[in-house]
Amino acid sequence: MNDNSKTTRTLEGRVSSSKSAKTVTVVIDRQEQHGLYGKLLRRSTKLHAHDEKGECHEGDLVRIAECRPMSKTKHFRVVEVLARAAE
């Protein structure tokens, strides 16, 4: 079974910083269960994403997709803005 379709990883998160040119920092929040005790733990990951048009601002909810490496730390791009931050 040889499937030639490529699937890219997409994630949703909040923009925590948009100070860099064409780059936003997105915080991905998740919950995971402790292995032994079963308590739910909150974890977060910060990812840098490419924002070509510069349309994202702090607090926006965005969808990002994995892409080719654009710099040392930037491997995602902004696909769409799901919700704007309340101003």
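Contact here means heavy atoms within 4.5 Å of each other. Among contacts in the chain between residues at least 6 apart in sequence, 47% join residues at least 24 apart.

The model is predicted: local features need pLDDT of at least 70, side-chain atom pairs count only at pLDDT 80 or more, and totals for chains, interfaces and linings use all residues. Residues are numbered from 1 along each chain as its sequence is written, and side-chain values use heavy atoms, with hydrogens and water left out.

**Overall form**

The chain holds 0 helices and 5 strands, where helices (H or I, at least four residues) and strands (E, at least two) are DSSP runs numbered from the N terminus. The radius of gyration of the chain is 15 Å, well over the 12 Å that the globule rule gives for 87 residues, so the chain is more spread out than a compact globule. This radius is taken over C-alpha atoms, and the globule rule is 2.2 Å times the number of residues to the power 0.38. Along the principal axes, the C-alpha atoms fill a box of roughly 45 × 45 × 25 Å.

Of the 87 residues, 24% are buried. Buried means under 20% relative accessible area, exposed over 50%, and partly exposed in between (1.4 Å probe, protein chains only).

**The nonpolar core**

A nonpolar core is a set of buried Ala, Val, Leu, Ile, Met, Phe, Trp, Tyr and Cys residues joined through side-chain atoms within 4.5 Å. The largest one has 11 residues in all, including Val15, Val24, Leu47, Cys56, Ile64 and Phe76. Strands β2, β3 (40-50), β4 and β5 (74-83) each give two or more residues to this core, and the largest share, 3 residues, comes from β2. Leu47, one of the core residues, is in contact with residues including Val24, Thr25, Ile64 and Phe76, leaving aside neighbours within four places in sequence.

Thr25 belongs to strand β2 (residues 23-33), and Leu61 to strand β4 (residues 61-66).

| Residue | Relative accessible area | Class |
|---|---|---|
| Thr25 | 14% | buried |
| Leu61 | 23% | partly exposed |

Beyond its neighbours within four places in sequence, Thr25 is in contact with Arg14, Val15, Ser16, Ser17, Lys46, Leu47 and His48. Leu61, not counting residues up to four places away, touches Gly13, Arg14, Val81, Leu82 and Ala83. Leu61 and Leu47 are 14 residues apart in sequence and 14 Å apart in space, C-alpha to C-alpha.
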